[in-house]
Amino acid sequence: MGEIVRLQKYIAMCGIASRRAAEELISDGRVCVNGKKITEQGVKVEIGADSVSVDGKTVKVKNKKYYIMLNKPSGFVSTAKDQFDRPTVVDIIKKDLPDVRIFPVGRLDYETEGLLLMTNDGDFSYNVTHPKFHVDKTYIATIKGGMTVKGMNKLKNGVYIDDGFKTSPAQAEIVDASEGYTVVKITIHEGRNRQVRKMFEAIGCKVVHLIRTRIGEAELGNLPQGHWRHLTSHEISCLTNM
Ligand code: URA
């Protein structure tokens, strides 16, 4: 008898999507088990015995897992496919690993640069992105104009974004200030859509350049832009055992 798992976990184990994204695939009616369309959550399948398909294609649990760090350039979307046909981060990896179905762990905005993790391990993605695991993410934000002590304190204490959501306390420090610009290093553990930009907006500042430099123990270091590397086993285990 094979291991019995929930359908969304099975899909994540196949490297198709994170568990949360798999739940959406199920409710969107894109998943069949033994030829029958499943739209409710909670269905269990037996690995190796039940046949699961997504968009009509049979998906199987594969063994090889990939854990990749990409230094994302601006001008790429962090999804596998883009409705406007813009280049995607998956295109960058596909050039080197054509047979691997890999997806981004969370997102960076189209114009944001820096550290983006990519994997075919849905559980890993869940661990890194789920707010309950509180994984720290560090960004270097260049702001137009100056920055006040009051503004910095607001960022550190939490600000209101998204119609009333108060961000958790952040670590923030000014790392450079030159004519017309201020560079702020900020560390947060939440991952709301465009959160860093919105946090600065909330204190009246405009982000003109944004780079992510760290996720948990994984540091971007001097990985050149547009290049990727495999995570070390130390980085993988730190990010898995948060
Ligand atoms: N916060 C943002 O505003 N943008 C990103 O890409 C990531 C975090």
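For the class counts below, I take Ala, Val, Leu, Ile, Met, Phe, Trp, Tyr, Cys and Pro as nonpolar, Asp, Glu, Lys and Arg as charged, and the others, Gly among them, as polar. The model I am looking at is predicted.

Entry: ligand shell. I listed what surrounds the ligand and found Leu 108, Asp 109, Thr 112, Tyr 139, Arg 194, Gln 195, Val 196, Arg 197 and Leu 210. By class, this shell holds four nonpolar, two polar and three charged residues.

Entry: polar atoms at the ligand. I looked up the N and O pairs one by one. For Asp 109, a polar side-chain atom is 2.7 Å from a nitrogen atom of the ligand.

Entry: domains. The chain divides into domain 1 (4–59), domain 2 (67–131 + 218–240) and domain 3 (136–215). Why does the ligand lie between domain 2 and domain 3? I put it there because both domains give residues to the shell around the ligand. I also noted the distance between the C-alpha centres of domain 1 and domain 3, which is 38 Å.

Entry: helix pair. Two packed helices are described by the distance between their axes and the angle between them, and I looked up both values for one pair. The axes of helix α4 (residues 122–129) and helix α7 (residues 233–240) cross at roughly 65° and come within 9 Å. On the α4 side, I find Phe 124, Asn 127 and Val 128 in the contact; α7 contributes Ile 236, Leu 239 and Thr 240. Sorted by class, the contact of α4 with α7 has four nonpolar residues, two polar ones and no charged ones.

Note on methods: Residues are numbered from 1 along each chain as its sequence is written. This is a predicted model: local features need pLDDT of at least 70, side-chain atom pairs count only at pLDDT 80 or more; totals for chains, interfaces and linings use all residues. Side-chain values use heavy atoms; hydrogens and water are left out. A residue is near a molecule or strand if one of its heavy atoms lies within 4 Å of it. A polar contact is a pair of N or O atoms within 3.5 Å; within protein, one must be able to donate a hydrogen and the other to accept it, and residues adjacent in sequence count only if both atoms are side-chain atoms. Domain bounds come from an automatic or database domain assignment. Axes are lines fitted to C-alpha atoms, for helices over the stretch in contact, and angles run from 0 to 180 degrees between N-to-C directions. Helices (H or I, at least four residues) and strands (E, at least two) are DSSP runs, numbered from the N terminus. Contact means heavy atoms within 4.5 Å.
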